[in-house]
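Please look over the sequence and the model shown below. The paragraphs after it go through selected features in turn.

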Amino acid sequence: MIPAINNNSNNNAYNSFKSANNVKKGYIARRYHTSESVEFKTKMKAATGAIIGTTLPLLYFTRKNPGLKNIIHMKYGLKEMLITSITGITGGATFGMIGETHKKRERKRKEAVFQIMNCTLPLIGVAGFLKLSDKVKGLNNKPAKVAGTIAGVGIGMWGGAKLSNLINDPKDIEPDRKIGIKDAIANIDDVFSALVLAKFPYIDKLHIEKLLPVIFAWCGYRAGQSN
């Protein structure tokens, strides 16, 4: 006699698939890169690590520059953005790994690599174009700089995905993680960083640079709570 399949079991694949109904879909799922619900304590660990990782380099930069009253008045160049984003993401992922299984730690590590590549390469691309535009007369105008900034962000995100796939899966065992339109929308924070770096007219009046620590900490939180 063939035993009946128990669809109410918590251990079978059917219910594992059903549990995905509790996970946020679409934009939210892409932004946080989650495949199952995240425990509150994991979120708190990720948030704590991301805040610490983002704050420490800002305190260092402030101390090295006596003219700055506090981190709120921080003036960001490429170096400050790269270091702060990397430490924020690393902090969030590292704290998020505490007490987790090996499988979940590995997923957070891979997400941290992706987030770091996705934050830094667009900035490097934009900085490279802006430096080139200062030397090439035909590129040293507002329309060219706007187009170059957009292209730098797009190419940087594409390159970041490619490089993170090489780092995370050098033997090409798993399907590559790709950047699509929804991913680009979900990672709109890259655009804010690029705008500050490009120093377009009137951008300074919006004080977007004051949001950068929050943006970098947010990226770290996403890496730390990812599963």
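This is a predicted model: local features need pLDDT of at least 70, side-chain atom pairs count only at pLDDT 80 or more; totals for chains, interfaces and linings use all residues.

Residues are numbered from 1 along each chain as its sequence is written, and side-chain values use heavy atoms, with hydrogens and water left out.

Begin with helix α4, residues 78-97. Helices here are DSSP runs (H or I, at least four residues), numbered from the N terminus. Helix α4 has 20 residues and reaches 29 Å from its first C-alpha to its last, close to the 28 Å expected at 1.5 Å a residue; the expected span is 1.5 Å times one less than the number of residues. Among the buried residues of α4 are Glu80, Met81, Leu82, Gly88, Ile89 and Gly92. Buried means under 20% relative accessible area, exposed means over 50%, and partly exposed is in between (1.4 Å probe, protein chains only). The buried residues of α4 pack against α3, α5 (102-135), α8 (189-198) and α10 (212-225), where contact means heavy atoms within 4.5 Å. After α4 comes Gly99, with a positive phi near 80°.

Next, the cysteines. How many disulfides does the count come to? The count is 0 disulfides, a disulfide being a pair of cysteine sulfur atoms within 2.5 Å. A disulfide is a covalent bond between the sulfur atoms of two cysteines. For Cys119, the closest cysteine sulfur is that of Cys219, and the separation of 3.6 Å is too far for a bond. Cys119 is buried at 5% relative accessibility, and Cys219 is buried at 1%.

Now the charged side chains. Side chains of opposite charge can pair when their charged atoms come close. The structure holds 4 salt bridges, each defined as a side-chain nitrogen of Lys or Arg within 4 Å of a carboxyl oxygen of Asp or Glu. One of them joins Arg109 to Glu106, at 2.7 Å from N to O. Arg109 and Glu106 are 3 residues apart in helix α5, so about one helical turn separates them. Arg109 is partly exposed at 29%, and Glu106 is partly exposed at 28%. Another salt bridge pairs Glu174 with Lys110, at 3.3 Å from N to O. Because Glu174 lies in the loop between α6 and α7 and Lys110 in helix α5, this pair ties together parts that are 64 residues apart in sequence. Glu174 is partly exposed, at 42% relative accessibility. Lys41 and Glu39 also form a salt bridge, with their closest N and O atoms 3.8 Å apart. Lys41 is exposed at 54%, whereas Glu39 is partly exposed at 47%.

The loop that holds Glu174, between α6 and α7, also holds Asp172. Asp172 has a positive phi of about 55° although it is not a glycine, and it is exposed at 53% relative accessibility.

Ile150 lies in helix α6 (residues 142-168) and is exposed, with a relative accessible area of 59%. The C-alpha atoms of Ile150 and Val126 are separated by 8.1 Å, the two residues being 24 apart along the chain. Leu59, in helix α3 (residues 40-64), is partly exposed at 46%.

Definitions and conventions. Helices (H or I, at least four residues) and strands (E, at least two) are DSSP runs, numbered from the N terminus.
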